[in-house]
Amino acid sequence: MTSTKTYAMWRKLAERPLGNRLFSVAMSVRVPYFGTILPTVVDMRPGRCEVRSPKWWGVHNHIHTFHAIAACNLAECAMGMLAEATVPTTHRWIPKGMTVAYTAKATTSLRAVAELPEIPTFGAEPFDLPVPVSIVDTEGKEVVAATITIRVSPK
């Protein structure tokens, strides 16, 4: 399997000092809306991605907690980087839908983990791939549970 340019860049930078931060800045330049949550990718590999986002005034809602849509942005960031590390270059992916449950107030910085139970086989037929994403606060309490379905098809 040939790696995407995104995943190849992650592998090149991840082991270097501040490499994950440099990667995260580059990701936010490529996908500017992700920059609104100041994401830092801390783990990225086929089938799994972890992204952190600080609680700062730019993600606050009217009650000074992490805004629901900012949390959705974090979930999509984690899913997108998982897809870049998982979907081979012979295929493409695009988000198709998202279901979200806001399970608790998000009063701290957040950590999103997108993780597939198993990596699918990428064949000739297009298919829908649900990607579960769990977002937890700094105490480990889940504040958002999401599933983002992506459409995967051969190029």
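Predicted model: local features only at pLDDT ≥ 70, side-chain atom pairs only at ≥ 80, totals over all residues.
Trainee: What radius of gyration does the protein chain have, and what would a compact globule have?
Mentor: The C-alpha trace spans about 50 × 35 × 25 Å along its principal axes. For 155 residues, a compact globule would have a radius of gyration near 15 Å. The chain agrees with that, at 15 Å.

Trainee: Which residues of helix 1 are buried, and why do they line one face?
Mentor: Helix 1 covers residues 5-13. Seen down the helix axis, its buried residues fall within an arc of 135°, so they line one face. The face turned away from them carries the exposed Lys 5 and Lys 12. The buried residues are Tyr 7, Trp 10 and Leu 13.

Trainee: What covers the buried residues of helix 1?
Mentor: Good follow-up! The cover includes a strand, namely strand 1 (40-45). It also includes two helices: helix 2 (19-30) and helix 3.

Trainee: Is Thr 65 buried or exposed?
Mentor: Thr 65 sits in the loop between strand 2 (48-53) and helix 3 (68-86). Its relative accessible area is 8%, and buried means under 20%. Therefore Thr 65 is buried.

Trainee: Which side chain makes a polar contact with the side chain of Thr 65?
Mentor: Not counting residues up to four places away in sequence, Thr 65 touches several residues, including Lys 55, His 60 and Thr 107. The polar contact, at 2.8 Å, is with the side chain of Asn 61.

Notes:
Residues numbered from 1 in each chain as written. Heavy atoms only, no water. Helix = DSSP H or I, 4+ residues; strand = E, 2+ residues; numbered from the N terminus. Buried < 20%, exposed > 50% of the residue type's maximum accessible area, 1.4 Å probe, protein only. Polar contact = N/O pair within 3.5 Å; in protein donor to acceptor, adjacent residues only side chain to side chain. Contact = heavy atoms within 4.5 Å. Arc of directions from axis to C-beta. Rg over C-alpha atoms; globule rule 2.2 N^0.38 Å.
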